[in-house]
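Here's a quick briefing for anyone meeting this structure for the first time. Have a look at the model, then read on.

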Amino acid sequence: MYRLLAAMKLPVTSWQDGGAAKAIISVVAAIFAGFTEIIALAIRANFLDTAEGIWLTLLAYYVYGVTRIEATFASGEVRLVNTGGGIFEFEPGEFICKHSVTGKQYTNVAFFKLEAGQTLPVAIRALEAGSRSSATPGQITELVTTMRGVTCTNPAPVVGRDGETDPELRERCRDSLGALSPNGPEAAYIYWAKSARRADGSAVNVNRVWVSKASSVGHVTVYVASPNGAVPGTIGDDSTDLGAVDKAIRTKVIPVGVTCTVASAAPRPLPVTGTAWVEAAANMSDVQWKLMFDQQIDSYLSAVPIGGHVLTSPPGHIYRNTIIGVVEGASKFVIKFDPVLPTDTALTEGEVPVAAVNTIAVQQVGI
């Protein structure tokens with residue numbers, strides 16, 4: 001702007017700071033800077049590889065016909081045991097319990113009344129959406145709502161899923177192109193397995209798919225996995241995840257003359273044991289470090305392909321060096337991680353790794 005004004009013979013170099021002319025130019029420049037950022041985002045939004053966030057959501061929906069999968073609230077039930085003499089009644093949202101490790105909170109989704117001496121299952125839902133509110137059996141044991149003489153626990157997993165990330169949405173958009181073919185290519189199976197919806201219209205929790213290669217007898221096997229490992233449900237019941245995936249593939253993908261078997265991948269627990277050396281300057285307790293390592297490992301395992309990473313030919317593996325990188329990448333304050341895993345872990349074609357109880361000893365350096 002100053003160059004253009006100087007070309008018009010205006011004495012821009014003699015203008016004083018704080019003067020009206022310089023103030024007006026600064027305001028105009030700031031406004032145009034905002035416009036250029038919007039223009040850049042709008043241009044990037046036209047291309048699948050560069051669109052991000054809401055722009056990618058719009059591109060996926062209007063160009064590819066793919067709707068971004070939103071995060072879900074972890075849901076399940078807790079079992080309340082009233083060993084006292086009190087009687088408790090709660091309307092939806094009034095009762096709150098929490099995870100004993102992460103502190104994530106959950107509330108009741110329906111009215112319930114707990115009599116003295118009664119054991120009662122109560123349906124709950126997390127207050128925060130996403131997988132971080134998930135809990136394995138026996139982890140939701142603390143009551144936030146005061147209930148004397150009452151204990152609680154979750155007998156089964158309480159599972160939520162994260163919203164679809166930009167890379168995952170881009171991948172599903174590319175898979176959707178394969179779904180346009182009437183010949184049932186691999187991408188079509190993958191797309192519909194990930195995009196299937198239950199009978200109530202909610203999205204299934206599937207983020208990994210394995211499709212068998214060419215068959216001389218016209219049979220295809222499809223293994224599916226969720227971020228937590230297995231996909232629950234029953235073939236023929238499309239109110240469940242596995243049943244909904246099977247229905248989507250049978251009605252949308254399989255060409256005439258081909259049969260298909262849909263199955264959940266078999267969970268393969270992968271406990272990580274070892275010693276991590278960390279800098280004491282991070283000012284974190286051993287418990288905090290272990291929780292961070294658990295979350296880092298869980299996040300990695302939730303995205304490993306079914307059958308593991310195949311470099312040249314089957315079988316696939318979970319590589320020891322990768323586990324080291326996952327733990328050491330948790331923080332810049334991690335100095336070294338030495339796992340007990342002696343070799344790489346081989347997986348069969350239908351197996352998927354899942355988190356187990358990790359035993360990581362933390363050594364604080366510099367105390």
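The largest pocket has a volume of about 1300 Å³. This is a predicted model, where local features need pLDDT of at least 70 and side-chain atom pairs count only at pLDDT 80 or more, while totals for chains, interfaces and linings use all residues. Residues are numbered from 1 along each chain as its sequence is written, and side-chain values use heavy atoms, leaving out hydrogens and water.

**The pocket**
- A pocket here is an open set of points on a 1 Å grid where a 1.4 Å probe fits, with protein on both sides within 12 Å along at least five of seven lines; lining residues have an atom within 4 Å of a point.
- Of the 40 lining residues, S131, S134, N228, D298 and A355 sit closest to the pocket's centre.
- Helix α7 and strand β17 (351-355) are the elements giving two or more residues to this lining, and α7 brings the largest share, with 10 residues.
- Sorted by class, the lining has 17 nonpolar, 16 polar and seven charged residues.

**The α7 and α8 pair**
- α7 (residues 286-301) packs against α8 (residues 320-328) at an angle of about 130°, and their axes are 9 Å apart.
- On the α7 side, F293, Q296, I297 and Y300 meet T322, I323, V326 and V327 of α8, where contact means heavy atoms within 4.5 Å.
- By class, this α7 with α8 contact has six nonpolar, two polar and no charged residues.

Terms used:
Axes fitted to C-alpha atoms, helices over the stretch in contact; angles between N-to-C directions. Helix = DSSP H or I, 4+ residues; strand = E, 2+ residues; numbered from the N terminus. Nonpolar A, V, L, I, M, F, W, Y, C, P; charged D, E, K, R; others polar. Points joined across faces, edges and corners; volume = space filled by probe spheres on them.
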